[in-house]
Amino acid sequence: MDKQAVTSADIAAAERVLGIAQTGPERDLLAGALAAQIDLARARRAVPLDERLAPACVFDPRLPGFAPPPAAPLRLPAADAPFPGDDDAAIAFAPARLQAAWVRAGHLTATRLAAICLDRIARLDPAIGAFARLNPAALDEAAALDARAARGDWAGPLHGVPWGCKDLIDTAGLVTDRGAEPFLGRLPEQDAVAVRRLRAAGAVLLGKTTVGALGYGDVWHGGRTRNPWNTDEGASGSSAGSAAAAAAGLCGFALGTETLGSIVAPAARCGAVGLRPSFGRIARTGTMPLCPSLDRLGPLCRDAGDAALILALLNGADPDDPSSLDIPFGGDAGRDPEGLRLGILAADFADPSAEAARAAIEHCRALGVVPVPVELPALPWESLVSLLMAEAAASFEPLTLSGADDLLARQDEAAWPNQFRLARFLSAVDHIQLDRLRRRGMMAMRDLLAGVDLLAAPFGVGALPTLAAFTGHPCLCLPVGFTLSPPRPSAGIAADAPANAPARRVPAALCLWGRLFDEAPMLALGHALARRCALDLRPPHGLTGAT
């Protein structure tokens, strides 16, 4: 581009896009310099950057003076129940810890457990769409574990438990196409670190669970993942398949990822337990990079005790993930929560949609938990989302520059292709200022949690979910009741439910947030609260809604 091609009129038009204003003489000065700036940007764009190359600036959620909780052994809630014999559904919906205990006790083989799940997938998943593809070696892997068990050789705490892996986490020799047309047929050569750790613990990989294309929503190149409680609506995203599979008893547990709600949102929609750990706790090596300063891995389960076990097995750093930290995970995840101080954002609980969450707080009171009113500083926390959009656009810049983003199924205003292009108009100066606001948010969360042990809010209400995603704090989402929900189509696709489709009974969720790298109290309250609520979380037999 000719350096004289940028004019004062061009700059005036750009000012309207950026929301700033300058004088005529200032524009004249800029016109001569901008062409050189553009040349520098073009020179950089001409250099291919491997997606595994991390940014030089690494987000650390720990403020100066932070001290993690003292190292302590992990204690899990008890998981003990009689073996249900020939009741395959009862086996499928049992906590993963109980499934593993039955295998170890000889009541159940890994092969039978995998076969139960594969049969349920064959019968139920056509209506849900939770699995993108199955692992053809799943039964062979289960049989190999049974042979080891016969020799007294136990792989680990998840020996024989079947699981699902979100389809943007690499699995060696099993296609991982990220739900997106530009990556069709992508075949990783190595397992992600998290996959290696679960294999070492004895878990049996059933297959890849569906992911909204490139980690957004529940629409992927194969269609739409549905809520097993109401198949007229989407499962939310982007760990849609993992949440739906766990909630429908298609696997013992599943692994998801989250940038801004991608674990907790589908957990809330589908009635699963979703854990987003502290940022940096689980190495992301081998996982699709979307937003390096936000991305996290975490489990989707049917039981908070399972979430604690899986976090313990996944915990730890890896040299190829510079954001990962070696901070021990321990504590009493099975403790009586009596005496815990629970911060309540009163305005959030006043929302009309929060009826089940308000009832859950009364259950907390009955458990001896002390609700404490708290408030967030009234700052524009939602503006932090521009940081996410800039990082995501950088991660997938090759799609934007090459035009390959046109291959993606979703092409609406909120979809990635448009968001990637929109991010090109973000200001770098504003980006730095947003990072400073992010630090202000980290300080606000530190101050809030100085006076309480945990925070609580209804799912999907208020600013706390957004702020805590950017500050790196852990979150546990769990079902606490039910509500009636009309069919909710996924963004970017036409509604496919009948116009007169009835509202259906679906789970309602509460979210808990804990201190950085101190997940045990949050998990303990989650486990006790689930027992107190005593919900039947088995979706209707045969499912409901569209098929």
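**Figure 1. Ala534, in the segment after helix 18 (520-533).** Helices (H or I, at least four residues) and strands (E, at least two) are DSSP runs, numbered from the N terminus. The model is predicted: local features need pLDDT of at least 70, side-chain atom pairs count only at pLDDT 80 or more, and totals for chains, interfaces and linings use all residues. Residues are numbered from 1 along each chain as its sequence is written, and side-chain values use heavy atoms, with hydrogens and water left out. Ala534 has a positive phi, near 50°, and is a residue other than glycine. With a relative accessible area of 59%, Ala534 is exposed (exposed means over 50% relative accessible area, buried under 20%, partly exposed in between; 1.4 Å probe, protein chains only).

**Figure 2. Leu214, in the loop between strand 4 (204-209) and strand 5 (219-220).** Although Leu214 is not a glycine, its phi is positive, about 55°. Leu214 counts as buried, at 0% relative accessibility.

**Figure 3. The largest nonpolar core, with 138 residues.** A nonpolar core is a set of buried Ala, Val, Leu, Ile, Met, Phe, Trp, Tyr and Cys residues joined through side-chain atoms within 4.5 Å. Leu214, Phe253 and Leu342 have the most contacts inside this core. Helix 5 supplies the largest share, 8 residues. A second, separate core of 9 residues includes Ile91, Val103, Leu108 and Leu113. Neighbours within four places in sequence left aside, the contacts (heavy atoms within 4.5 Å) of Leu342 include Ile361, Cys364, Val452 and Leu525.

**Figure 4. Helix 5 (residues 110-128) and helix 6 (residues 138-150).** Two packed helices are described by the angle between their axes and the distance between the axes. Here the axes come within 7 Å and cross at roughly 155°. That makes helix 5 roughly antiparallel to helix 6. Axes are lines fitted to C-alpha atoms, for helices over the stretch in contact, and angles run from 0 to 180 degrees between N-to-C directions; under 35 degrees counts as roughly parallel, over 145 as roughly antiparallel, 65 to 115 as roughly perpendicular and the rest as oblique. Ala110, Thr111, Ala114, Ala115 and Leu118 of helix 5 meet Leu139, Ala142, Ala143, Leu145 and Asp146 of helix 6. The contact residues divide into 8 nonpolar, 1 polar and 1 charged (Ala, Val, Leu, Ile, Met, Phe, Trp, Tyr, Cys and Pro count as nonpolar, Asp, Glu, Lys and Arg as charged, and the others, Gly among them, as polar).

**Figure 5. The aromatic pair of Phe83 and Trp102.** Rings of Phe, Tyr and Trp (its six-membered ring) pair if their centres lie within 6.5 Å; planes under 30 degrees apart count as stacked, over 60 as edge-to-face and the rest as tilted. The structure holds 9 aromatic pairs. Phe83 and Trp102 are edge-to-face, at 5.3 Å centre to centre and 75° between the planes. Phe83 lies in the loop between strand 1 (74-75) and helix 3 (88-93) and Trp102 in helix 4 (residues 96-105), so the pair ties together parts 19 residues apart in sequence. Phe83 is partly exposed at 24% relative accessible area, whereas Trp102 is buried at 5%. Elsewhere, ring pairs link Phe183, Tyr216, Phe396, Trp416 and Phe420 into a cluster.

**Figure 6. The cis peptide bond between Gly237 and Ser238.** Omega is about -5°. Ser238 is found in the loop between strand 8 (230-234) and helix 8 (240-247).
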